[in-house]
Amino acid sequence: MYIKLLYKSMLRNKTVMTVLTLQMAISLMLVTVIFSFLNGSYHTVREQVKRENGTTTIMLTYPVSLSTLTKLEREWRAESKVQRFSYFATTDDQVKFGSHVVVLPLWGVNEDYPYFYGFPFEQLREGETVLTVNAVKKVFPNRSAESVVGEIIEINKKVYTVIGVEQVSLVDRVYIPHADFEQAYNKIDGVRVGSLEIDKNSASIVLEELKPYGPVEREPIAQSRYQGIMFFILVASLVTIFLVLYSVLSFIQLYSFKLIKERDKWNILFLLGATRGNLRSYLYTETASMTIVSLLTAAVGYWAIAHAVSLEGITFQIDVVVILAIAIIVMTIILLSVELTLHKLKRNVFK
């Protein structure tokens with residue numbers, strides 16, 4: 001019975017039903033974007049907080065050349081003066097795939113890079129490379145990230161096998177083993193390092209030996225970022241509540257207008273034995289149907305936004321917590337929309 005009434009109602013009220021569905025879809029899409037962004041940021045910063053326990057950052061007033069730093073690194077490791085030690089070694093160079101050539105930033109990854117910077121791959125071996133998802137788009141136009149694994153590219157006349165795609169850093173980066181990077185660019189004066197990551201137990205030794213470069217020990221910043229994320233979660237929760245209430249109130253206004261137009265139909269059904277319970281069941285069925293369509297539309301919109309954003313640090317992560325939050329919001333919208341609509345119509349339409 002309800003399905004037949006729903007089908008006829010949709011045919012008679014196409015415009016109103018479309019507006020209701022799109023309005024709900026936009027609200028759900030925005031809520032999903034906010035929650036998934038905050039969830040991704042929360043997990044990223046939490047991992048950084050864990051990594052920063054027992055580590056410190058040393059900033060150099062006068063950046064040191066790569067050749068000098070790698071020489072010092074060998075000495076420190078050979079004499080066990082440092083336990084963990086890493087830094088950004090980067091320069092731009094050509095990356096070739098077949099006849100396609102593009103200039104991208106190259107990053108040398110040493111054995112401790114994954115520990116300090118959350119790199120999702122183990123130490124790279126000779127001839128192996130990892131590209132960020134944006135670098136994949138530049139090197140392999142019109143190819144998916146999954147399809148490029150195993151492909152061969154050429155960098156500085158040396159061939160590399162793509163062993164994976166890094167999804168978190170959405171900037172252009174091509175990671176290669178530090179030994180390869182050092183061999184190719186060690187003598188380039190422009191490759192200089194301005195900051196180091198090191199375990200706290202070794203910090204005093206490194207600070208002493210790098211005195212000519214004006215080293216300054218910086219306190220970890222992830223903890224303050226973690227507090228900032230918690231504040232934004234609170235703000236986002238308030239924004240979400242506003243979006244839900246706005247969606248519900250707008251839905252009630254439009255839905256009540258639609259039901260008023262159908263007043264004669266329901267008066268006839270009441271005369272034939274229909275009850276307010278039947279009306280409530282019908283409203284729940286119709287609202288749930290629109291919600292399903294809205295969820296599908298919102299999913300498409302979320303996918304488009306998540307793939308269109310290409311800024312470093314902007315990550316979206318959907319897990320069980322986000323799914324449960326969206327499910328609770330959807331059920332709240334359905335419940336409030338139906339019950340408040342019935343309350344509004346109680347005295348002035350269906351008597």
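1. R84 and D112 form a salt bridge in which the closest N and O atoms are 3.9 Å apart, a salt bridge being a side-chain nitrogen of Lys or Arg within 4 Å of a carboxyl oxygen of Asp or Glu. Because R84 lies in the loop between α3 and β2 and D112 in the loop between β4 and α4, the pair ties together parts that are 28 residues apart in sequence. R84 is partly exposed at 34% relative accessibility, whereas D112, at 6%, counts as buried; here buried means under 20% relative accessible area, exposed means over 50%, and partly exposed lies in between (1.4 Å probe, protein chains only). Helices (H or I, at least four residues) and strands (E, at least two) are DSSP runs, numbered from the N terminus.

2. The model is a predicted one, in which local features need pLDDT of at least 70 and side-chain atom pairs count only at pLDDT 80 or more, while totals for chains, interfaces and linings use all residues. Residues are numbered from 1 along each chain as its sequence is written, and side-chain values use heavy atoms, with hydrogens and water left out.

3. E182 counts as buried at 12% relative accessibility, while R74 is partly exposed with a relative accessible area of 49%.

4. Among the contacts with a separation of 6 or more, 81% are between residues 24 or more positions apart, where contact means heavy atoms within 4.5 Å. The protein chain exposes about 18,600 Å², of which carbon and sulfur atoms supply 62%; accessible areas come from the Shrake-Rupley method with a 1.4 Å probe, and for residues only the protein chains shown count as cover.

5. The largest nonpolar core has 39 residues, of which V95, L131, I153, I155, V174 and L196 touch the most other members; such a core is a set of buried Ala, Val, Leu, Ile, Met, Phe, Trp, Tyr and Cys residues joined through side-chain atoms within 4.5 Å. A second, separate core of 28 residues includes I252, Y255, L283 and A325. Leaving aside its neighbours within four places in sequence, I153 is in contact with residues including V95, F97, L131, F140, V159 and Y160.

6. Helix α10 (residues 276–308) has 33 residues and reaches 47 Å from its first C-alpha to its last, close to the 48 Å expected at 1.5 Å a residue, the expected span being 1.5 Å times one less than the number of residues. Its buried residues include L279, Y282, L283, E286, M290 and Y302.

7. S195 is placed in strand β9 (residues 192–199) and, at 18% relative accessibility, counts as buried. Apart from neighbours within four places in sequence, S195 is in contact with I58, M59, Y87 and F88.

8. S80, in the loop between α3 (66–78) and β2 (85–87), has a phi near 55°, a positive value in a residue other than glycine, and S80 is exposed with a relative accessible area of 62%. N156, in the loop between β6 (152–155) and β7 (158–166), has a positive phi of about 50° although it is not a glycine, and N156 is partly exposed at 40%.
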